[in-house]
Amino acid sequence: MIPIHLTIEGLYSYQTRQEIDFSQLNDAGLFGIFGSVGSGKSSILEAISFALYGETERLNSKDLRAYNMMNLKSNRSFIALEFLNYENKIFRVEREYRRNSKKFEDIKHSYTTFYEKINEKWVPIDQIDIEKIVGMSYVNFKRTVIIPQGQFKEFLELSEKDRTQMLQEIFHLNRFDLSAKTSELYNKNHEKLTFKEGEIQAYQNTSLERCNSLESQFKSISELLSKISTKTEIEYARLQIMEKLKEKIEELEVKEERKRKLELNTPAINQKQKEIQEYEEINRLFSGKFSVFEDKNSKMAILHSTIEKDELKLKHLKFSLDEEEKQFAPIKKNYLNIDIYQKRLNDYTQLIHRATLIDEIEHLEKRTENGTKAIEENKRKLHSEKLFLTEYENELKHLKTQLIPTEKLLEIGKWYDKYNLLLQQQNESKFSISKIEDELKNIERQLTANQWDWQHTPNEFLSKKKDYKLKINQLEEQLSTVEVHEKLSAYTTQLHETGVCPLCGSKKHPNILETNDVEREKTILKQEITLLKQQVEAIDDKEKEFAKLLNEKKTQDQLLQTAVELSKSKEHNVLEHNKLFQWRDFCTDEKDFELKKSNSLRIENQIEQLQQKIKNTQTTIDECRQNDEKYNNGIKEFQTAIDVKKEQRKIAETSLQALNFLDVKEFSKQELEKKQSELQTLINQTIKNYQEILEKIQFDKQAISKIEGIYEANLLSLKQLKEEIYLVEKELNDLIITKNFSSIENVKAILKKDWDVAELQKQINEFHAELNMVNLRINQLKEVTKNERFSTEDYETQLQSCNELKNQLEQLTKESTLLEKEWKEQEKSLKEKQELEEKLHQLKTREENLKLIKKLFNGLGFVQYIANVYLRQLCDVANQRFLRMTRNQLSLSINEKGQLEIIDYLNDGKARSVKTLSGGQSFQASLSLALALAESTQSPELKKKFFFIDEGFGTQDSESVHIIFETLAQLQSESHIVGIISHLEALKEQIPFSLSITKTNEGSVIQTIKT
């Protein structure tokens, strides 16, 4: 994962939006993040981790993370990170939190959105697996890429189990966990083996001997079958010869019977042939002529009917024409008077127009009168509004002289806001001083209550503890003596005057030890020692309590000094701020300012109301002036229209053509319109009647002319048709006489039969052909059978013999087929059995091999072995840098138990625990391992690998720091990007690019600096 761009706002010390473009930093390869303690250096790493995983090292969800991460002066925290993953894909993640405006401590998560950059566009991702995108979990991310403070040595100090689990996740060593796979392979093979063993049970009756026996039986029966088959073929050949002779004799009998039947039908067939020939001749001579004769008679009947209908039509049309010509005379007379009617109609139109003009003139005169009244009213209103406008403008001038400028009020308001803030800070400082002084008084009370003195009490504690410890030592010596006496008492019981001492061998016992009170003395001594130890512990507790009070007093004294200085500073700020008050017409009393401010706001509202009144009054005045002009123009237009309409009325009165004006002068407009309508109806009806009757007369004349032409043509056609019928009838009579037919009726009767001559001739021909074929076949059969003898008894005997042979052959064939089938099945089963035995042998061999592999990969032993291989490789890579950093004095190694050890070349290359390393050496070893991990875990497809260091330089001497920086600088040529976080400003000069973080009143500010 390589960061490209980071945006943070409202996070920890970052109040305003800060943006970091990692492009130059990544190109430099080595960069630093510098700033004072608490400026927000590590917050950048937390922002990256939280943006990706929603997790941070310092805070978890139980720590009210969202509240504690948000800047206390911000109502919104926002993080946006763009980064390149191990697949060279670019992603963006945004996280936002907002503060509840009604509840300060309540922080709500607004949204978290992931995007992928596709074709230069950010495409939202619905479901996200960040561990899959980054390529590692959060735990391993903070171990190998971004290592927070206090976590740098974690990999070095992990237990073997945890380190193996970490390597297993980072390097995906699960692929080497073959235990489940080998078990699965073994189970599948065992399942196949069991199945094959079950299959081979089905071949218990299959053997080579059984197969050979069946083959021998099949060959024997096949030889017998061949002999019987040959004999059967010979006998069936004889039977076929006899059957053919039998069939020919039977056929001869059938043919002779058929010949007799055909010869009986021969006379009828000959008579039918004669009738067909007569029909064909009559049809040839008369059929066409009869058709022509009937056709012409039919046409003549149609013509007769048509001529009769035309005569009736002509009669009807001539009658109608006479009637229409009688009606036409009066209608034509009225039509010729149309011009006079039209002039009267035009006169009525003029008179109606005149009446309309009179109405319009009266209406205009009335509107003119109303307009004159409106002009007078408008003038009065205009004068009144002008008076109001003058009054409002004078009042506005007076109010503006009393108004305080808004800019001035804003400046004074800002002075009071800052003044109140300074007073609040001053009061807070005083309250803090009071609180600290109360705490110091409380500490003094506790010291006084315990009668402790700052100078003498520590020495008193030491003196008392020394005395008690001396007494304890004395009592312990006494207790030891008593215990010796107690052990010796066991021997005193064995001493007798004549006996020997078991310890020294002496026979004399002058002073035998008395042990009656030893046990009681021992108990008293133990109680005294315990009591003294308790007193020492009580002194230790008091000493701790005294030290705690001393530390608290020291802390509170420092806090008091700081608070007093801060209070003086705040008091000074208040005095300095008072000097900035420069408004003479105001006093420093905020109530006076608020009163004047309120009064000024009230005057502003009055001014706004007056300005609105002036605006409304001016609008009314403008409207009055516009109305005055509009009304005057309207009256002028009305007068002009009245003059025009009066002139038009005179023209209408003098332009009458057919009517006398005096006769119609008194008619109302409705009466004129009624007479106009009646006259218009008369004109329209006259024109319509004239056109209709004229069209009818013309139509009837055309129809009469057309029918008369058709009628004459039909009479001529009828005459010609009668002559043609006569000629055809004469030709028919002459033909009957010539051919000796009895009559025309007889000929017609023969033609009505309507025979299918072709079909009848075909039947006659088929009859003669069949008769000829029968005679021919009879002659052939007689020729074939004249020298042959057929015996029914011999035929029956031969047939029975063939049937017996056939049955015997079928029985042998059936037995042979069954034997062959059984032999072939046995042969096939034998082959399958041999194949199964071969497969069974293979599966058994595979099961033995899988047992061995399963035992090899059982549990996580193989994964542990691979993890150790990877760890050794990591150590080899890490040692390339670690040896150089330690001046070839130390290296990393893996012991037989898979634990990390240090090889110390200053002590003959002996191994020791990594826990024995100093702080600086631990940093060097951790850095070397972390760099090796970063090289191994990040994708080889990435051109550069990213790594962050957030601690450790303060533990190094100047020479070690120089070596580490040379190592880190060398990483630039090895395609690494290394970020260093430190508060040591001296390191800036050794790093080409850096981020400088400065604390301001508006929060921390980030700047990119090039050294």
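Visitor: Where does Thr 390 lie, and why is Thr 390 called partly exposed?
Guide: Thr 390 lies in helix H11, residues 338–402. Helices (H or I, at least four residues) and strands (E, at least two) are DSSP runs, numbered from the N terminus. The relative accessible area of Thr 390 is 44%. Buried means under 20%, exposed over 50% and partly exposed in between, for a 1.4 Å probe and protein chains only. A value of 44% lies in between, so Thr 390 is partly exposed. The C-alpha atoms of Thr 390 and Ile 614 are 9.0 Å apart, although 224 residues separate the two along the chain.

Visitor: What do these values rest on?
Guide: This is a predicted model, in which local features need pLDDT of at least 70 and side-chain atom pairs count only at pLDDT 80 or more, while totals for chains, interfaces and linings use all residues. Residues are numbered from 1 along each chain as its sequence is written, and side-chain values use heavy atoms, with hydrogens and water left out.

Visitor: Why is Ser 43 called buried?
Guide: Its relative accessible area is 5%, which is under the limit for buried, so the word applies to Ser 43. Ser 43 has its place in helix H2. Not counting residues up to four places away in sequence, Ser 43 touches Leu 11, Tyr 12, Tyr 14 and Arg 58. Touching, or contact, means heavy atoms within 4.5 Å.

Visitor: What makes a group of residues a nonpolar core?
Guide: The members must be buried Ala, Val, Leu, Ile, Met, Phe, Trp, Tyr or Cys residues, joined through side-chain atoms within 4.5 Å. The largest such core has 48 residues, and Leu 6, Phe 31, Ile 44 and Leu 52 touch the most other members. Helix H2, residues 41–53, gives the largest share of this core, eight residues. The contacts of Leu 52, leaving aside neighbours within four places in sequence, include Met 1, Leu 81, Phe 83 and Phe 114. A second, separate core has 26 residues, among them Leu 173, Cys 875, Leu 900 and Leu 929.

Visitor: What is the span of H19, and what is expected for H19?
Guide: H19 has 29 residues and reaches 43 Å from its first C-alpha to its last, close to the expected 42 Å. Its buried residues include Ile 764, Phe 767, Leu 771, Val 774 and Ile 778. An α-helix has 3.6 residues a turn, so residues three or four places apart point the same way.

Visitor: At what angle do H9 and H19 cross, and what is the hand of the crossing?
Guide: The axes of H9 (residues 208–264) and H19 (residues 757–785) come within 9 Å and cross at roughly 145 degrees. Axes are lines fitted to C-alpha atoms, for helices over the stretch in contact, and angles run from 0 to 180 degrees between N-to-C directions. The crossing of H9 and H19 is left-handed. That word is used if the near helix is turned anticlockwise from the far one by less than a right angle, and right-handed if clockwise. Among the residues that meet are Leu 245, Ile 249 and Lys 255 in H9, and Phe 767, Leu 771 and Arg 777 in H19. By class, this contact has ten nonpolar, two polar and ten charged residues. Ala, Val, Leu, Ile, Met, Phe, Trp, Tyr, Cys and Pro count as nonpolar, Asp, Glu, Lys and Arg as charged, and the others, Gly among them, as polar.

Visitor: Why is Gln 451 called exposed?
Guide: Its relative accessible area is 72%, which is over the limit for exposed, so Gln 451 counts as exposed. Gln 451 lies in the loop between helix H12 (406–449) and helix H13 (457–492). Gln 451 has a positive phi of about 60 degrees, although it is not a glycine.

Technical notes: The expected span of a helix is 1.5 Å times one less than its number of residues.
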